[in-house]
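Please open the model in a viewer and keep the sequence panel beside it.

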Amino acid sequence: MYIRLLSGTSDNRALLRYMEESIVAQLEDPLYYYPTSDAEWDSHFSDQGAVVIATIDSQPAGYVIGSFATRAGGYLLRTATEVTRVSAVDVEELFWLDGVGVMPDFRGRGLQKKMSVFFEQKARSMGARGILATVAHKNIYSLRNFLDRGYEVVMESDLDGHKPRLVVLGDVSRLAGFS
C-alpha cells in the first residue's frame with residue numbers, strides 16, 4: 001500500500017468535490033452539511049489556508065482543509081474567539097481544521113492521523129500556534145484520533161443552532177509527531 005500526501009491547489013478542486021460528495025453520501029446522520037462553495041475553497045487554497053490530499057495506490061483516499069480562524073469568519077471566528085478566553089493562544093494564531101474526510105474504502109488504516117500530521121506541519125510553518133476542530137459527540141473514532149494526537153476538548157458548541165459538537169484545541173508545539 002503506497003500512501004501519498006500532497007498539498008492541494010485550486011487544480012484539485014474537482015477531486016476534492018468528488019471526495020467530499022462521496023464521503024457525505026455515506027454518512028448516516030450528517031450533523032450539518034452544505035457543499036463547499038468556490039469562495040470557501042479559494043480561502044483554503046490561499047496563503048491563509050491549507051489543503052492536504054491523500055491517495056493510496058493512486059486512488060483518492062482523503063483530504064484535510066482549513067485556514068486561519070480570522071480568515072474563516074462567521075461561526076468559526078466566533079468560536080475561535082471564545083476559545084481564546086480559555087487558552088493562551090491569540091485568535092490570530094489559531095488555525096481551523098475545517099474539514100477532514102476519509103473515503104469509505106480507506107477507513108480504519110490510520111489515514112486521518114497521517115493527514116493531520118502533514119496538515120499541522122503546514123499550519124505551523126504558516127505561523128499557527130493552535131489548531132481548532134469540531135467533532136460530533138457520536139464520532140468516537142475521530143475524537144479518539146484528535147485526543148491521541150494531543151488535542152484537548154475545550155468546549156461544546158452548537159454550530160448556530162445545529163446539533164452540539166465538541167471543540168478540540170491542539171497546541172502545535174506539543175502535538176504528537178513534532179519534536
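This is a predicted model: local features need pLDDT of at least 70, side-chain atom pairs count only at pLDDT 80 or more; totals for chains, interfaces and linings use all residues.

How many salt bridges does the structure hold? The structure holds four, a salt bridge being a side-chain nitrogen of Lys or Arg within 4 Å of a carboxyl oxygen of Asp or Glu.

Residues are numbered from 1 along each chain as its sequence is written, and side-chain values use heavy atoms, with hydrogens and water left out.

**Whole chain**

Begin with a cartoon of the protein, which has six helices and seven strands. These elements are DSSP runs numbered from the N terminus (helices: H or I, at least four residues; strands: E, at least two). Along the sequence their order is β-α-α-β-β-α-α-β-α-β-α-β-β. Of the 179 residues, 48% count as buried; buried means under 20% relative accessible area, exposed over 50%, and partly exposed in between (1.4 Å probe, protein chains only). Among contacts (heavy atoms within 4.5 Å) between residues at least 6 apart in sequence, 70% join residues at least 24 apart.

**Helices 1 and 2**

Select residues 13-25 for helix 1 and residues 38-45 for helix 2. Their axes come within 12 Å and cross at roughly 115°; axes are lines fitted to C-alpha atoms, for helices over the stretch in contact, and angles run from 0 to 180 degrees between N-to-C directions. Helix 1 is therefore roughly perpendicular to helix 2, the class for 65 to 115 degrees. Next, display the side chains at the contact: Arg13, Leu16, Arg17 and Glu20 in helix 1 meet Asp38, Trp41, Asp42 and Phe45 in helix 2. By class, this contact of helix 1 with helix 2 comprises three nonpolar, no polar and five charged residues. Here Ala, Val, Leu, Ile, Met, Phe, Trp, Tyr, Cys and Pro count as nonpolar, Asp, Glu, Lys and Arg as charged, and the others, Gly among them, as polar.

**Helices 5 and 6**

Move to helix 5 (residues 111-125) and helix 6 (residues 140-149), which pack at an angle of about 50° with their axes 10 Å apart. At the contact, Gln112, Lys113, Ser116, Val117 and Glu120 in helix 5 meet Ser142, Asn145, Phe146, Asp148 and Arg149 in helix 6. The contact of helix 5 with helix 6 has two nonpolar, four polar and four charged residues.

**Salt bridges**

Remain at this contact and select Lys113 and Asp148, whose closest N and O atoms are 3.2 Å apart in a salt bridge. Lys113 lies in helix 5 and Asp148 in helix 6, so the pair ties together parts 35 residues apart in sequence. Lys113 is partly exposed at 31% relative accessible area, as is Asp148 at 47%.

Then select Glu120 and Arg149, whose side chains meet in a salt bridge (2.1 Å, N to O). Are Glu120 and Arg149 buried or exposed? Both are buried.

Finish at Glu152 and Arg174, joined by a salt bridge of 4.0 Å, N to O. Glu152 lies in strand 6 (residues 152-157) and Arg174 in the segment after strand 7 (165-171), so the pair ties together parts 22 residues apart in sequence. Glu152 is partly exposed at 45%, whereas Arg174 is exposed at 60%.

Note on methods: Angles under 35 degrees count as roughly parallel, over 145 as roughly antiparallel, 65 to 115 as roughly perpendicular and the rest as oblique.
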